[in-house]
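Here is my note on the model you sent. Please keep the structure open while you read.

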Amino acid sequence: MPKAVEVKEYRAQARFQHVSPQKARLVLDLIKGRGVQEALDTAAFTKKRIAPVVHKLLTSAIDNAKYVAGEQGLDLDVDNLYVRNAIANEGPRMKRIRPAPMGRAFRYQRRMTHLIISVAERGGSASLVTKVDEPGEEVKPAAKKARSTKATAKKAAATKAAAPKKKAAK
């Protein structure tokens, strides 16, 4: 069994942001899984009200990575960092009342969001997915082949049976 590689993760969070989590997730989904430079560019040019906050938070996560790596004596390549997680959790809701006609009132809620962004360093390969082949497991293609030949045999028999009926009808 291959050993799991420990990945050092650096994070930053911004709490009690006055935007709904659904709207914040629109921006966070744009940067998730991207390299930090590409994610910074994306956040800088996104036309959403929360985008500058996400940009500032991502910069903070990168600075946290530099600081912690320097304190622990780790060798960190900032160009090799990517956005590992970007989460928008729901914060508390402020209940408000809006005046309505004829002395009535409508209640509504002002939502808040807790944003969490974590960055990590990519492994040796540039791709996000690493494939591990274990020596004990083998795929049995013979079973699939037997099923497919059985299906083609049924089709052939069906066409042969249908062919004489057509000739008899003429």
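Predicted model: local features only at pLDDT ≥ 70, side-chain atom pairs only at ≥ 80, totals over all residues.

The numbered points below take up the helix, the charges and the backbone in turn.

1. The buried side of α1. Helix α1 spans residues 21-31. Its buried residues are Pro21, Ala24, Val27, Leu28 and Ile31. These residues lie on the same side of α1, because they cover an arc of only 125° around the axis.

2. Lys23 comes back in the next point, as a member of a charged patch.

3. A positive patch. Five residues gather on the surface in a patch of positive charge: Lys23, Lys48, Arg49, Arg96 and Arg110. Arg110 belongs to strand β4, which covers residues 105-110.

4. Salt bridges overall. How many salt bridges does the model have? The count is four. As background, side chains of opposite charge can pair when their charged atoms come close. Three of these pairs are described in the next two points.

5. A bridge between strands. Glutamate 9 pairs with arginine 84 in a salt bridge, and their closest N and O atoms are 3.1 Å apart. This pair connects distant parts of the chain. Glutamate 9 is in strand β1, arginine 84 is in strand β2 (residues 81-90), and 75 residues separate them. Glutamate 9 is partly exposed at 36% relative accessibility. Arginine 84 is partly exposed too, at 34%.

6. Two further bridges. Aspartate 29 and lysine 32 form a salt bridge with an N to O distance of 3.3 Å. Aspartate 29 is partly exposed, at 48% relative accessible area, and lysine 32 is partly exposed at 39%. Glutamate 90 and arginine 93 also form a salt bridge, at 2.6 Å from N to O. Here glutamate 90 has a relative accessible area of 42% and is partly exposed. Arginine 93 is partly exposed as well, with 34%.

7. Strand β1 runs over residues 9-17 and includes arginine 15. Which residue lies 76 places from arginine 15 along the chain, with its C-alpha atom 7.7 Å away? That residue is glycine 91. Arginine 15 itself is partly exposed, with 45% relative accessibility.

8. Positive phi values. Most residues other than glycine have a negative phi, and most peptide bonds are trans. Two residues deserve a look on that account. Phenylalanine 16 has a positive phi, near 60°. Phenylalanine 16 lies in strand β1 and is partly exposed, with a relative accessible area of 42%. Methionine 102 also has a positive phi, near 60°. Its setting is the loop between β3 (94-99) and β4. Methionine 102 is exposed, because its relative accessible area is 77% and the cut-off for exposed is over 50%.

Definitions and conventions. Residues numbered from 1 in each chain as written. Heavy atoms only, no water. Patch = residues over 30% accessible without salt bridge, like charges linked within 9 Å, V, L, I, M, F, W, Y side chains within 5 Å. Areas by Shrake-Rupley, 256 points an atom, 1.4 Å probe, with all protein chains shown as cover. Salt bridge = Lys/Arg side-chain N within 4 Å of Asp/Glu carboxyl O. Lys, Arg positive; Asp, Glu negative; His and termini not counted. Charge placed at Lys NZ, Arg CZ, Asp CG, Glu CD. Helix = DSSP H or I, 4+ residues; strand = E, 2+ residues; numbered from the N terminus. Buried < 20%, exposed > 50% of the residue type's maximum accessible area, 1.4 Å probe, protein only. Arc of directions from axis to C-beta.
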